[in-house]
There are 2 protein chains.
Amino acid sequence: MTDSTASRRRGDDLERAIFEAALEELAEVGYANLRMEAIAARAKAGKASLYKRWPDRAHLVRAAARYKATEVETDFEPSDDVRADFVRVMRYIAEFQDGPFGEAIRGWVGELGASPADEAEAEDLRQRIETPRIMVFAKILKHGVDRGEVRPEALQPRVVNLAPNLLTHYFLTRGHAAPQQVIDEILDQVVMPLIAAER
Amino acid sequence: MTDSTASRRRGDDLERAIFEAALEELAEVGYANLRMEAIAARAKAGKASLYKRWPDRAHLVRAAARYKATEVETDFEPSDDVRADFVRVMRYIAEFQDGPFGEAIRGWVGELGASPADEAEAEDLRQRIETPRIMVFAKILKHGVDRGEVRPEALQPRVVNLAPNLLTHYFLTRGHAAPQQVIDEILDQVVMPLIAAER
DNA sequence: GCATTTAGTGAACGCGTCGTTCACTACAGA
DNA sequence: TCTGTAGTGAACGACGCGTTCACTAAATGC
C-alpha cells in the first residue's frame with residue numbers, strides 16, 4: 001500500500017532494512033518492549049526472515065548494534081587542546097548513546113549473565129565498540145604527550161578508556177546520555193587532573 | 001514437603017520471603033529468564049500475592065534490590081593505608097555484585113528507558129545504592145587528606161564515586177564482577193595517581 | 001525467453017508466560 | 001467463638017514467541 005514498488009528484497013539488502021527497523025523500534029519503545037513482529041512489520045518483512053537469520057531477539061539486537069557500530073567516526077585529528085578534543089569526542093559518544101544504539105547497548109547489558117553460552121559473541125561486540133574509542137582517545141593523548149601537556153603514564157589502557165567508560169556508566173545507570181555539565185565535571189574533576197603533566 | 005510448619009505467612013514476613021526467593025531466582029537464572037511463577041513457587045506463595053504488592057516484574061525486582069541494599073555494611077573504619085582500604089571496600093562491592101544483588105541491578109539497568117514513568121523510583125534506588133558508598137569512600141579519603149596522603153580536591157563527588165562507578169561499569173559490560181587484577185589496575189593506573197598528594 | 005532453484009511472505013499454529021479472577025482457607029483481633 | 005482480612009491455588013483470556021507451510025517473487029541456468 002505505502003510503497004507501490006512491490007519489489008521483494010533479499011540478502012544483505014533485506015538484512016540492512018531489518019537492522020534499521022530494529023534500531024528505530026529500539027529508539028521508540030526500548031529493549032524491554034521490543035517485539036519481533038513490530039520489527040518485521042516496520043521492515044516490511046516476514047517474521048520467518050528474522051528467525052532464519054538470528055535465533056532470538058538478543059542475537060538480532062547484538063547484530064544490529066554491530067552493524068551500527070561500523071558507522072562510528074574513527075578518523076579524528078587532534079588539535080593542540082586536549083580538553084577541547086575530549087569534549088568533542090565525548091559529546092559525539094553521548095549523542096550516539098541517546099539514539100537507537102544506546103538502547104541496543106542497554107538491551108545487550110541486560111541480557112548479559114542470562115546466557116553464558118554467548119560470551120564469545122558478547123566479547124566480540126564489546127571489542128568492536130571499544131576499539132575505535134581506544135584509537136581516538138589514544139591519539140589525543142599521544143599528541144598531548146608529545147607536546148608535554150600530558151604525562152606519559154596516561155597512555156595506560158585504563159586511563160585511555162576512562163572517559164568513555166564513565167560516560168557509558170552514566171548512560172546505563174541514568175537512562176539517558178550525559179549532558180554537557182556532567183562531561184565537564186568528569187573532565188575537570190577526574191580526567192584532566194589525572195593526565196595533566198604537572199599540577 | 002520441606003517445611004512441615006504448614007503455617008501461612010502474612011505481611012512483612014511474606015514480603016521478605018518473596019524478596020529472598022526473587023533474589024535466589026535472579027542469581028540462578030538471571031533477570032532475562034526470571035519468571036513470576038518461579039518466584040512464587042520458591043517463596044511458597046501464590047502468584048496473586050506478588051501482583052497484589054507490585055504491578056510487574058520490574059517493580060518487584062527494584063523493591064528486592066532496595067531490600068537487599070539495606071544489608072550493605074556502612075560502618076567502616078579507615079586504616080592508615082588508603083590503597084588497602086580501597087581494595088577492601090572494592091572487593092566487598094565486587095562480591096556483592098557477583099551475587100543476586102548484581103543481577104537485580106542488571107535487570108534494573110536493562111529496564112531503564114523502557115518506562116519513563118518510573119524515573120522517580122529509579123532515581124530513589126540509585127540514591128540508596130550510591131549513598132552508603134559515598135559515605136565509606138569519603139571517609140577513607142578524608143582520613144587520607146588529614147594525614148597528607150591525599151590531596152583535598154579528591155573530595156569532589158566525581159572522584160569519591162570514581163572507584164565504585166568503574167567497578168559497576170566493569171560488572172555491567174562484562175557480565176561478572178571485577179577480579180582482583182582489575183581492581184589493582186583501576187587503583188594503580190587511575191585512582192591512586194589521581195588522589196595522591198604528590199607525584 | 002523459458003524452466004528451475006533459491007529466498008522471502010504472510011497466515012496459522014502450539015506453547016509458555018503474563019496478569020487477573022474467584023472460591024476457598026488460615027490467621028488475627030475482638 | 002465469631003468476623004474481617006489476607007493468602008492460596010487453580011483457572012482463564014491475552015499476548016508474544018518461535019515454527020511451519022503453501023504460495024510467490026527474484027535469481028540462475030539453459
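Reply: Over residues 12-72 of chain A, the chain is 74% helix and 0% strand, with its end C-alpha atoms 20 Å apart. Helices here are DSSP runs of H or I of at least four residues, strands are runs of E of at least two, and both are numbered from the N terminus. UniProt, in an unreviewed entry, places the feature "domain: HTH tetR-type" at this stretch of chain A; its positions are given in the numbering used here, feature names are shortened, and annotations may be inferred rather than shown by experiment.

The model is predicted: local features need pLDDT of at least 70 and side-chain atom pairs count only at pLDDT 80 or more, while totals for chains, interfaces and linings use all residues. Residues are numbered from 1 along each chain as its sequence is written, and chains are lettered from A and ligands numbered from 1 in the order in which they are written.

The DNA comes next. DNA strand C is surrounded by 21 residues, the closest being A:A45, A:G46, A:S49, B:S7 and B:A48; a residue is near a molecule or strand if its C-beta atom, placed from the backbone, lies within 6 Å of it. Two or more residues of this surface come from each of helix 1 (11-29) and helix 3 (47-53) of chain A, and from each of helix 2 (36-42) and helix 3 (47-53) of chain B. Helix 3 of chain A gives the most, with four residues. By class, the surface near DNA strand C has six nonpolar, four polar and 11 charged residues. In these counts Ala, Val, Leu, Ile, Met, Phe, Trp, Tyr, Cys and Pro are nonpolar, Asp, Glu, Lys and Arg are charged, and the others, Gly among them, are polar.

At DNA strand D there are 22 surrounding residues, and the closest are A:S7, A:D56, B:A45, B:G46 and B:S49. The elements with two or more residues there are helix 2 (36-42) and helix 3 of chain A, together with helix 1 (11-29) and helix 3 of chain B. Helix 3 of chain B supplies the largest share of this surface, four residues. The surface near DNA strand D divides into six nonpolar, four polar and 12 charged residues.

How does this region join the rest of chain A? The domain assignment gives domain 1 (11-63) and domain 2 (67-195), with bounds taken from an automatic or database domain assignment. The C-alpha centres of the two domains of chain A are 27 Å apart. In chain A, 11 residues of domain 1 are in contact with 13 residues of domain 2; contact means that the C-beta atoms of two residues, placed from the backbone, lie within 7 Å. On the domain 1 side, helix 1 and helix 4 (57-69) of chain A are the elements that give two or more residues. Helix 1 of chain A has the largest share of that side, five residues. Eight nonpolar, one polar and two charged residues make up that side of domain 1.

Of the 199 residues in chain A, 40% are buried, that is, they have 20 or more other C-beta atoms within 10 Å of their own, whereas 12 or fewer counts as exposed and values in between as partly exposed, with C-beta atoms placed from the backbone. Among contacts in chain A with a separation of 6 or more, 69% are between residues 24 or more positions apart.

Finally, the two chains. In all, 34 residues of chain B are in contact with 33 residues of chain A. The side of chain B that touches chain A draws two or more residues from each of helix 6 (100-111), helix 7 (119-146), helix 8 (157-160), helix 9 (162-174) and helix 10 (180-195) of chain B. Helix 9 of chain B gives the largest share, seven residues. This side holds 14 nonpolar, 12 polar and eight charged residues.

Chain B superposes on chain A by a rotation of 180° with 0.0 Å of shift along its axis, at RMSD 0.0 Å. The two copies are thus related as by a two-fold rotation axis. The superposition is by least squares on the C-alpha atoms of residues with pLDDT of at least 70 in both copies. The same surface serves both copies, as 97% of the contact residues of chain B recur in chain A.
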